[in-house]
Protein chains: 2
Amino acid sequence: MARWEPDSRGRLVQAALVLYAERGFENTTVAEIAARARLTERTFFRHFADKREVLFWGAAALEELLVSAVEAAPESDSPIEAITRALEATGPMFEERRDFARQRQRVIDASTELRERELIKLASLASALADALRRRGVAEPAATLTAEAGIAVFRVAFARWVSDSDSPGLRHFIRESLGELQTVTAGR
Amino acid sequence: MARWEPDSRGRLVQAALVLYAERGFENTTVAEIAARARLTERTFFRHFADKREVLFWGAAALEELLVSAVEAAPESDSPIEAITRALEATGPMFEERRDFARQRQRVIDASTELRERELIKLASLASALADALRRRGVAEPAATLTAEAGIAVFRVAFARWVSDSDSPGLRHFIRESLGELQTVTAGR
């Protein structure tokens, strides 16, 4: 029987990120991740369904955070204000695991399969945000357009935050990108 | 030797759409499509790489049309104007094959795999549009944000056009959705 190890989950994540970066996501096996973390494959599968989930397990929590922030936004908020407030609410969660976010992004960028999976995740977030707006009484197509615009802002802001080593913080980039979206859509 | 048949491509597309609608994309084989079109599998593979390409072969032409319309837009156009002009330029192409577009959309909507493929196609269009804007001298992140906003407008406009049996035309919905995007992003 394996003896109890503190933070086996964290060690698995770290081992996976190192291997994905070194040899590519496609060329890494669960057995190799477990070995590098000095754990068994069985322990890996207690934490993650497969090697992709190491990179995507946070998606459900992110969606929950965004949706509850939209639900909690003051009634007086316009749809885009409610969405921006929700995006800003993700700041602390990402700032806390900035190193993970950066390493993860490099792995995603290097793999077509993972880039596609990330796109699908973001589309699913947009769809959850549009649902949350509709529950606030926002009509279609305003709900969908606002949610899609919000996710576009988030993608741009996130890419800048992740690549900027001396970054002023994700929330700053979210506000800035929203301002830029407002400028470009107005046609100026 | 198979004798020459007029429009075997068109017959293959029609046979595929009927079968995808009847039994689902996943449960249809190339052999069945060919048989229904009274053609051989070999003929199918002269026209399409696989059964998915029957639904996605137009993507390259669509991208080319969009990109060249952005390139041809007057220099005085703002980025969002150039993108909207490009989206409007797709109108005739879609109006001409409206029945195909509708049948195709129903098939896409019924399959997770195809919905994901459609998302990836649209993301790739957004990326090509952002490239085209950068070649016009548009800086980042304005290029990416404008292209993403344009694709959001297109998705909403297309969904309305496809589902509206008494439709005023795709171009109408593009202008309308752009107006709505401008309203929601301005925060009104």
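Me: The expected span of a helix is 1.5 Å times one less than its number of residues. What span does helix H1 of chain B reach against that?

Reply: This is a predicted model, in which local features need pLDDT of at least 70, side-chain atom pairs count only at pLDDT 80 or more, and totals for chains, interfaces and linings use all residues. Residues are numbered from 1 along each chain as its sequence is written, while chains are lettered from A and ligands numbered from 1 in the order in which they are written. H1(B), residues 8–23, has 16 residues and reaches 22 Å from first C-alpha to last, close to the 22 Å expected.

Me: What makes residues of H1(B) buried, and which are they?

Reply: A residue is buried if 20 or more other C-beta atoms, placed from the backbone, lie within 10 Å of its own (12 or fewer: exposed; in between: partly exposed). In H1(B), B:Leu12, B:Val13, B:Ala15, B:Ala16, B:Leu17, B:Leu19 and B:Tyr20 are buried. They pack against helices of chain B, namely H2 (30–36), H3 (41–47), H4 (53–56) and H8 (98–109).

Me: What makes a residue part of the contact between chains A and B, and how many are there?

Reply: Two residues are in contact if their C-beta atoms, placed from the backbone, lie within 7 Å. Chain A gives 26 residues and chain B gives 26 residues. On chain A, helices H6 (79–89), H9 (112–135), H10 (142–163) and H11 (170–185) each give two or more. H10(A) has the largest share, eight residues.

Me: What kinds of residue make up that side of chain A?

Reply: Ala, Val, Leu, Ile, Met, Phe, Trp, Tyr, Cys and Pro count as nonpolar, Asp, Glu, Lys and Arg as charged, and the others, Gly among them, as polar. The side divides into 14 nonpolar, seven polar and five charged.

Me: How do you know how the two copies are related?

Reply: Copies are superposed by least squares on the C-alpha atoms of residues with pLDDT of at least 70 in both. A rotation of 180° with 0.0 Å of shift along its axis superposes chain A on chain B, RMSD 0.0 Å. The copies are therefore related as by a two-fold rotation axis. In chain A, the C-alpha nearest the axis belongs to A:Ala149, at 3.1 Å. The same surface serves both copies, as 100% of the contact residues of chain A recur in chain B.

Note on methods:
Helix = DSSP H or I, 4+ residues; strand = E, 2+ residues; numbered from the N terminus.
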